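Trainee: Could you take me through this structure? I want to know what stands behind each label.

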Amino acid sequence: MKKINALVILSMLALAACAPRNLTQAPMVAPVDPAIAAAPAVNDDAAIAGRVLQQINTLRANIALAPLQPSPQLDAAALVHSRDMSAQNRAWHWGSDGSSPLDRVQRQGHTGRLIGENISETYENEIETLAAWMSTRDTRDVIMDPTATHLGFAWFREPSGKVWWTLLTAG
């Protein structure tokens with residue numbers, strides 16, 4: 001019986017490999033290092049932020065855009081908003097105090113031009129969240145804006161495992 005099940009599974013995999021593919025559309029997300037993809041979720045803030053920055057800069061380099069530099073002020077504004085979204089139990093761009101993304105980055109001392117903010121509430125890891133942002137034009141444009149020079153990125157993980165993500169870019 002086990003031998004038959006294995007043959008059925010192998011046959012299904014072989015047929016799936018023969019399915020037609022759209023070869024004209026380039027992938028939206030840079031290839032992820034298999035060691036990173038296979039690694040369990042890491043709760044080390046610096047490692048997560050580093051992976052996101054590396055992936056974003058790889059994507060930007062693919063279309064000849066300058067890499068983004070991390071910004072402690074933008075990171076702080078992103079963290080404040082991730083925690084606030086969790087407290088509100090709602091993913092949206094307005095703070096519980098009525099603050100906008102621009103208000104939050106200015107409160108943290110950032111003096112450059114805010115380009116945009118991406119947010120998400122998920123149970124996914126940072127690379128899956130980045131892939132989702134890259135699959136939608138509005139959020140992709142925040143990441144790939146040619147005038148962007150700085151990145152802020154933070155998240156808040158609830159005890160349930162739900163994660164509230166915030167990404168900010170500025171010029």
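Mentor: Start with His81, which sits in helix H4 (residues 72-88). Helices (H or I, at least four residues) and strands (E, at least two) are DSSP runs, numbered from the N terminus. This is a predicted model: local features need pLDDT of at least 70, side-chain atom pairs count only at pLDDT 80 or more, and totals for chains, interfaces and linings use all residues. Residues are numbered from 1 along each chain as its sequence is written, and side-chain values use heavy atoms, leaving out hydrogens and water.

Trainee: Why is His81 called buried?

Mentor: Buried means under 20% relative accessible area, exposed over 50%, partly exposed in between (1.4 Å probe, protein chains only). His81 has a relative accessible area of 0%, so it is buried.

Trainee: Which residues does His81 touch, not counting those up to four places away in sequence?

Mentor: Trp92, His93, Trp94, Gly95, Arg104, Glu117, Ile119 and Thr166. Contact here means heavy atoms within 4.5 Å.

Trainee: Arg104 and Glu117 are on that list. What makes these two a salt bridge?

Mentor: The term requires a side-chain nitrogen of Lys or Arg within 4 Å of a carboxyl oxygen of Asp or Glu. Arg104 and Glu117 have their closest N and O atoms 2.9 Å apart, so they form a salt bridge. Arg104 lies in helix H5 (residues 101-107) and Glu117 in strand S2, so the pair ties together parts 13 residues apart in sequence.

Trainee: Are Arg104 and Glu117 buried or exposed?

Mentor: Arg104 is buried, at 5% relative accessible area. Glu117 is at 8% and also counts as buried.

Trainee: How many salt bridges does the structure hold?

Mentor: Five. One of them joins Glu121 and Lys162, with the closest N and O atoms 2.7 Å apart. That pair links distant parts of the chain: Glu121 is in strand S2, Lys162 in the loop between S3 and S4, 41 residues apart. Glu121 is partly exposed, at 33% relative accessibility. Lys162 is buried, at 13%.

Trainee: What puts Asp141 and Arg137 about one helical turn apart?

Mentor: They are four residues apart in helix H7, so about one helical turn separates them. An α-helix has 3.6 residues a turn, so residues three or four places apart point the same way. The side chains of Asp141 and Arg137 meet in a salt bridge at 3.4 Å, N to O. Asp141 is partly exposed, at 35% relative accessible area. Arg137 has 59%, so it is exposed.

Trainee: Now the rings. Why is the pair of Trp155 and Trp165 called tilted?

Mentor: Rings of Phe, Tyr and Trp (its six-membered ring) pair if their centres lie within 6.5 Å; planes under 30 degrees apart count as stacked, over 60 as edge-to-face and the rest as tilted. The centres of Trp155 and Trp165 are 5.9 Å apart and their planes are at 40°, so the pair is tilted. Trp155 lies in strand S3 and Trp165 in strand S4, so the pair ties together parts ten residues apart in sequence. Trp155 is buried at 13%, and Trp165 is buried at 1%.

Trainee: What links Phe153, Trp155 and Trp165 into a cluster?

Mentor: Ring pairs do. The structure holds three aromatic pairs. Among them is Phe153 with Trp155, also tilted: 5.6 Å centre to centre, 45° between the planes.

Trainee: What makes a set of residues a nonpolar core?

Mentor: The set is made of buried Ala, Val, Leu, Ile, Met, Phe, Trp, Tyr and Cys residues, joined through side-chain atoms within 4.5 Å. The largest one here has 20 residues. Ile56, Trp133, Ile143, Phe153, Trp165 and Leu167 touch the most other members. H3 gives the largest share, five residues. A second, separate core of eight residues includes Ala77, Ala78, Leu168 and Ala170.

Trainee: How do you know that the buried residues of H6 line one face?

Mentor: Those residues are Glu126, Ile127, Thr129, Leu130, Trp133 and Met134. Seen down the axis of H6, they fall within an arc of 160°, so they line one face of the helix. The arc is that of the directions from the helix axis to the C-beta atoms. Their cover includes H3, strand S2 (114-122), H7, S3 and S4.
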